Amino acid sequence: MDIRYTRNIGTISEDEQSALATKRVCVVGCGGLGGGVIEGLVRIGVGHLTVVDGDVFDETNLNRQVLSNEDNLGHPKAVEARLQMKTINSNVQIDSVQGLLTEENAAAIIAGHDLVVDALDNMEARLVLEDKCEEAGIPLVHGAIGGWQGQVTVVMPGDCILHQIYEDAEVDKSVKPTNPPFTPAVVSAIEVSEAVKVLLGREEALRGKVLTLDLLNHEYDVIEF
């Protein structure tokens, strides 16, 4: 076993560590949530990542997006994710898709993966992603943030949780979302922990349930669907 993973052992077993090296995860979104998810999966030793984003970094990302810095403004987020993560763990194979996830390309992007992680920032793309994961029989870990609040759930094939959450929701697109650095940090870390459990076949504590959190008042709840 690579010495870099020594501090993982005990939380996970050596056999589980070896198993992670065989897994393929697609992370859709390389921004505030996605950057934290990608780094966490790379550091714990998931063997193959596909990272997807059609955006470039700008100055408004610097307050919270761990992949952004003053030198890479204007650079594609997916490309930067691949380049930066190779400096952390060169054993991980990372493919970058520089483009937005759509109804037309989603099935091809997620094909062949053991797990998909939703680090998107819009409701419409999330519903497309859940549909395509359902069709492909691929588990989905979802996270979302806004201000002090966030949520995480695990969607296994057949569950269709995101449609229950978002299908009838109305979003006021005139209101600009606020996202400080701490909310994506917390939610992305929880997404990584749930992703690892799914990949290793451990019990999915959030399957069919949504963890909601309010960091302002430290209120946490698990809602069953």
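Helix α2 (residues 32-44) has 13 residues and spans 19 Å from its first C-alpha to its last, close to the 18 Å expected at 1.5 Å a residue (1.5 Å times one less than the number of residues). The model is predicted: local features need pLDDT of at least 70, side-chain atom pairs count only at pLDDT 80 or more, and totals for chains, interfaces and linings use all residues. Residues are numbered from 1 along each chain as its sequence is written, and side-chain values use heavy atoms, without hydrogens and water.

**Helix α2**
- Ten of the 13 residues of α2 are buried (under 20% relative accessible area, 1.4 Å probe, protein chains only).
- Among them are Gly34, Gly35, Ile38 and Val42.
- Glycine 45 follows α2 and has a positive phi, near 105°.

**Contact of α2 with α7**
- The axes of α2 and helix α7 (residues 182-199) come within 8 Å and cross at roughly 45°.
- α2 is therefore oblique to α7 (angles under 35 degrees count as roughly parallel, over 145 as roughly antiparallel, 65 to 115 as roughly perpendicular and the rest as oblique).
- From α2, Gly32, Leu33, Gly36, Val37, Gly40, Leu41 and Ile44 make the contact, and from α7, Pro184, Val187, Ser188, Glu191, Val192, Ala195 and Val196 (heavy atoms within 4.5 Å).
- The contact residues comprise nine nonpolar, four polar and one charged.

**Glycine 150**
- Glycine 150 is in strand β6 (residues 149-155) and counts as buried because its relative accessibility is 9%.
- Leaving out residues up to four places away in sequence, glycine 150 touches Ala144, Ile145, Thr183, Val187, Leu211, Thr212 and Leu213.
- Its C-alpha is separated by 6.8 Å from that of aspartate 214, 64 residues apart along the chain.

Notes
Helices (H or I, at least four residues) and strands (E, at least two) are DSSP runs, numbered from the N terminus. Buried means under 20% relative accessible area, exposed over 50%, partly exposed in between (1.4 Å probe, protein chains only). Axes are lines fitted to C-alpha atoms, for helices over the stretch in contact, and angles run from 0 to 180 degrees between N-to-C directions. Ala, Val, Leu, Ile, Met, Phe, Trp, Tyr, Cys and Pro count as nonpolar, Asp, Glu, Lys and Arg as charged, and the others, Gly among them, as polar.
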